[in-house]
Amino acid sequence: MTDQGDTPPTVFVLFGASGDLAARLVLPAFFRLAQEKLLPAQWQLIGSGRRQLSDDDFRDHVHEKLTEFGPKPEDGPREVWDEFASRLHFAGNGFTADDPGELVDKVAQAEQELGDGDPSSVQRVHYLGLPPTTFEAYTEALAAHDLVERSRVVYEKPFGTSLESFRSLDEAVHRVYDESVIYRIDHFLGKEATQQLRALRFANGLFGSSWDRHHVAAVQIDVPETLDVADRAEFYDETGAVLDMLVTHLFQVAAEIAMEPPKSLAADDIAQARADAVKAFRPLTTDDVVRGQFDGYRDIDEVADDSDTETFVAARMFVDTDRWRDVPFLMRTGKMMAESHQKVSLVMRDPQGGPYCAPDEAGNPDCADIPRRGNVVRFDLSGDGELGISMNIELPGSASALTTQWTTISLHDVHGGDPLPPYVRLIHDILLGDRTLFTRPDGLEEVWEAAGAALDGSAEIRPYERGSWGPSEALRLAEPVGWTLGDQ
Ligand SMILES: NC(=O)C1=CN([C@@H]2O[C@H](COP(=O)(O)OP(=O)(O)OC[C@H]3O[C@@H](n4cnc5c(N)ncnc54)[C@H](OP(=O)(O)O)[C@@H]3O)[C@@H](O)[C@H]2O)C=CC1
Ligand SMILES: O=C1O[C@H](COP(=O)(O)O)[C@@H](O)[C@H](O)[C@H]1O
């Protein structure tokens with residue numbers, strides 16, 4: 001990580017500061033950056049919201065959330081928290097084009113304090129940690145109140161909820177902002193293990209030469225969650241698993257896997273390679289999609305009694321490039337499932353015509369069986385991240401019996417490394433002006449077409465039991481390879 005020695009004084013406006021994202025991810029990331037001395041020498045954070053809160057109330061709120069989600073202020077020196085807290089402020093009464101609430105005054109005050117006599121030397125970062133339906137109005141309000149100058153703007157995902165709303169939002173945002181200062185977050189791109197996808201493939205001949213349809217039988221991006229949605233039901237019921245996870249995080253990870261080699265590691269080359277991959281996604285048909293809703297979802301407060309929002313989705317997508325033709329990209333995610341994982345797996349093809357039997361020849365007395373899905377390259381995106389490879393090996397001491405063994409590299413244990421949570425990494429990049437890990441409109445527009453039957457309502461909603469692996473129909477999608485998680 002680069003220190004922020006050269007970064008100008010910065011005022012960071014966090015819209016949606018009272019929300020779930022701010023509490024669980026953005027505020028903890030800020031505190032971690034402060035602990036690691038990775039924030040600019042001079043900065044202030046102004047939380048924005050529709051309620052009225054004093055600065056001290058907001059500081060108490062942040063303290064409470066950090067205590068709940070970490071890093072806990074108590075675990076470090078008292079002065080780190082005190083200094084951090086002194087830079088937190090709150091601007092209440094909302095923010096609309098007609099009425100800026102307290103925000104304009106609070107920004108002016110912060111710039112006076114930070115600018116050392118020259119408020120115009122202060123950089124602004126506007127972070128829209130808000131429901132996506134509000135992005136357009138807030139962007140217009142920023143323009144209406146002259147807060148665009150000297151600013152970068154950050155949009156949470158999803159950037160739009162349909163092709164039409166994406167286009168309308170994209171136009172509205174570009175009326176106000178130049179693309180070079182827009183940061184669209186997809187935090188799965190900021191995960192440590194996602195960075196390893198590129199390194200493993202492009203820095204290792206063994207993996208680079210196997211990264212194609214001749215060697216890979218199926219790609220799986222599997223993100224089951226045991227998590228409930230009760231504490232953000234209003235947002236979730238309007239969003240659902242397809243928008244919340246599939247066409248955002250899972251599609252972007254799929255693009256990272258499917259991309260052709262970028263010309264370089266420069267931000268534009270990587271974003272271009274990712275965008276080109278998305279353009280090759282074949283639109284999902286009804287047969288490619290299973291949507292589900294966990295039992296009891298409609299009983300949650302703030303969920304409509306007849307809600308047909310999906311809390312689960314599984315999809316089988318194809319990527320129409322020479323490299324990936326006919327290889328299924330299997331994606332699955334849902335709430336209230338049996339286990340929580342964030343695993344990306346490349347299931348390697350079985351060798352054909354050799355001395356061992358591939359699974360479709362199982363039982364042939366002339367050869368030992370190759371275990372099913374025995375050779376997998378896996379990236380665990382959760383936590384600090386992990387790489388794993390499973391291999392078929394001879395069971396020691398036996399005569400020609402094969403067994404599967406995993407070998408793993410925990411990124412936490414890599415000597416000299418210091419894995420960072422994705423929001424820490426991404427906010428640091430925003431402050432530095434590095435857009436490598438952010439999405440661009442040319443990689444997002446095609447997402448809506450590729451989403452096809454996942455979004456058009458043609459895939460019926462199927463019930464599933466809490467604590468299960470989702471509707472049984474999702475198993476069909478993964479045939480003949482089968483999901484590598486849940487042993488199905
Ligand atoms: N929560 C998460 O785990 C993640 C969320 N995201 C994204 O972050 C964004 C925010 O998500 P999250 O924090 O969960 O959502 P919340 O429902 O918690 O909303 C965030 C805040 O936005 C404000 N808000 C809500 N509705 C409106 C409205 N109609 N007009 C103006 N302000 C409103 C509220 O603040 P107030 O009432 O104070 O004005 C609320 O606290 C979404 O785009 C989501 O997709 C991305 C990754 C992870
Ligand atoms: O964006 C989101 O991501 C989280 C899962 O990501 P994690 O990094 O927090 O584990 C998901 O639970 C949430 O529904 C979604 O909005």
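Mentor: A residue is buried if 20 or more other C-beta atoms, placed from the backbone, lie within 10 Å of its own, exposed if 12 or fewer, and partly exposed in between. This is a predicted model: local features need pLDDT of at least 70, side-chain atom pairs count only at pLDDT 80 or more, and totals for chains, interfaces and linings use all residues. Residues are numbered from 1 along each chain as written, with chains lettered from A and ligands numbered from 1 in written order.

Trainee: Is R50 buried or exposed?

Mentor: R50 sits in the loop between β2 (43–48) and α2 (55–69). Helices (H or I, at least four residues) and strands (E, at least two) are DSSP runs, numbered from the N terminus. Because 12 other C-beta atoms lie within 10 Å, R50 is exposed.

Trainee: Which residue does UniProt mark as "binding site" along with R50?

Mentor: The entry is unreviewed, and such annotations may be inferred rather than shown by experiment. UniProt lists R50 together with K157.

Trainee: Which residues does K157 touch?

Mentor: Contact means C-beta atoms within 7 Å. Residues up to four places away in sequence are not counted. K157 then touches I185, D186 and T248.

Trainee: Which residues surround ligand 2?

Mentor: A residue belongs here if its C-beta atom lies within 6 Å of the ligand. By class, the shell has 1 nonpolar, 1 polar and 2 charged residues. Asp and Glu count as charged, Leu as nonpolar. The shell is H187, E225, L227 and D244.

Methods. Contact = placed C-beta atoms within 7 Å.
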